[in-house]
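I set out to look up the charged pairs, the aromatic rings and the overall build of this chain. My entries follow in the order in which I made them.

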Amino acid sequence: MNHVKTGLLLAGLTVLLVLLGRALGGMNGMLIAFALALVMNVGSYWFSDRIVLSMYHAQPITPGEAPELYRMVQRLCERANLPMPALYVIPDPTPNAFATGRNPSHSAVAVNEGLLRILDSAEVEGVVAHELAHIKNRDTLISTIAATFAGAITMIANMAQWAAMFGGFGGRDDDDGVNPIALLAMAIVAPIAAMVLQLAISRSREYLADRTGAEICGRPLALAGALRKLEMAAEARPMRAEPATAHMFIVNPLRGQAFASLFSTHPPMAERIARLQALAQEMGGR
């Protein structure tokens with residue numbers, strides 16, 4: 001199913017890029033956008049994880065630098081029957097985390113410095129298990145590709161807005177030229193459409209990752225407690241994150257912004273916690 005979702009997502013985002021290119025530069029713009037989309041389809045599969053990690057200045061950590069964290073992840077990977085992912089720390093005080101990579105053999109888990117400071121060991125284990133669940137469920141490829149394409153569409157849409165103010169490139173309004181009204185419409189609609197595509201894949205995968213992660217670590221209540229703390233921290237101090245990558249994090253890093261809340265890529269936190277509490281009852285109250 002995730003392979004189907006990935007294909008549909010790539011197709012949808014490719015169409016958005018091509019239409020935006022058409023509005024921005026006529027037929028030539030459409031051809032350039034199509035070529036760009038082909039390059040991104042290949043590049044996002046192989047390199048999108050590196051792009052996202054570098055975007056947040058994530059630093060790789062070794063077993064010698066964080067022995068307890070490494071032992072914890074190794075133990076969870078054994079339970080989940082997963083290979084050991086690369087571990088990264090993001091130099092940001094707002095607690096959060098995400099997983100990335102094209103498959104379980106080429107995966108990474110990144111945690112913010114703030115997360116390691118405010119959570120106890122059981123809660124950190126719950127968060128890491130949640131991220132390993134994304135890897136196990138093969139969510140990481142589709143979420144990272146979505147981030148790459150959404151970022152590109154937003155960037156080109158910003159260019160289109162400026163072009164529309166000056167009548168488009170060339171200022172023509174014929175079959176091969178640029179219609180400034182259509183250009184402005186695409187500049188507004190394209191980022192929203194990209195965000196809607198992200199919404200379509202993100203909310204259900206968070207519920208599934210919560211459940212799978214709780215089963216991996218065996219402590220649904222520890223994950224629920226971690227989510228509650230992360231939510232409160234995000235409300236008090238939203239992370240400086242790119243909207244295109246917000247869906248990758250365990251909690252929405254853009255909380256406190258009205259537009260981001262309206263188009264939240266995450267399900268309601270109260271519902272996530274309630275589901276984990278119900279799962280804890282099924283597992284004996286842990």
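I looked up Glu 215 and found it partly exposed, with a relative accessible area of 45%; buried means under 20% relative accessible area, exposed over 50%, and partly exposed in between (1.4 Å probe, protein chains only). Arg 211 is likewise partly exposed, at 38%. The model is predicted: local features need pLDDT of at least 70, side-chain atom pairs count only at pLDDT 80 or more, and totals for chains, interfaces and linings use all residues. Residues are numbered from 1 along each chain as its sequence is written, and side-chain values use heavy atoms, with hydrogens and water left out.

I then noted that Arg 211 and Glu 215 form a salt bridge, with the closest N and O atoms 3.4 Å apart (a side-chain nitrogen of Lys or Arg within 4 Å of a carboxyl oxygen of Asp or Glu). The two residues are 4 apart in helix 6, and therefore about one helical turn separates them. Helices (H or I, at least four residues) and strands (E, at least two) are DSSP runs, numbered from the N terminus.

I found that Arg 211 also forms a salt bridge with Glu 282, again with 3.4 Å between the closest N and O atoms. This pair links helix 6, which holds Arg 211, to helix 9, which holds Glu 282, across 71 residues. Glu 282 counts as exposed, at 59% relative accessibility.

I counted 8 salt bridges. One of them joins Glu 206 and Arg 272, whose closest N and O atoms are 3.4 Å apart. Glu 206 lies in helix 6 (residues 180-217) and Arg 272 in helix 9 (residues 269-282), so the pair ties together parts 66 residues apart in sequence. Glu 206 is buried, with a relative accessible area of 0%, and Arg 272 is buried, also with 0%.

I turned to the rings and found 3 aromatic pairs (ring centres of Phe, Tyr or Trp, its six-membered ring, within 6.5 Å; planes under 30 degrees apart are stacked, over 60 edge-to-face, the rest tilted). Phe 98 and Phe 249 have ring centres 5.1 Å apart and planes at 75°, so this pair is edge-to-face. Both Phe 98 and Phe 249 are buried.

Buried residues make up 54% of its 286 residues.
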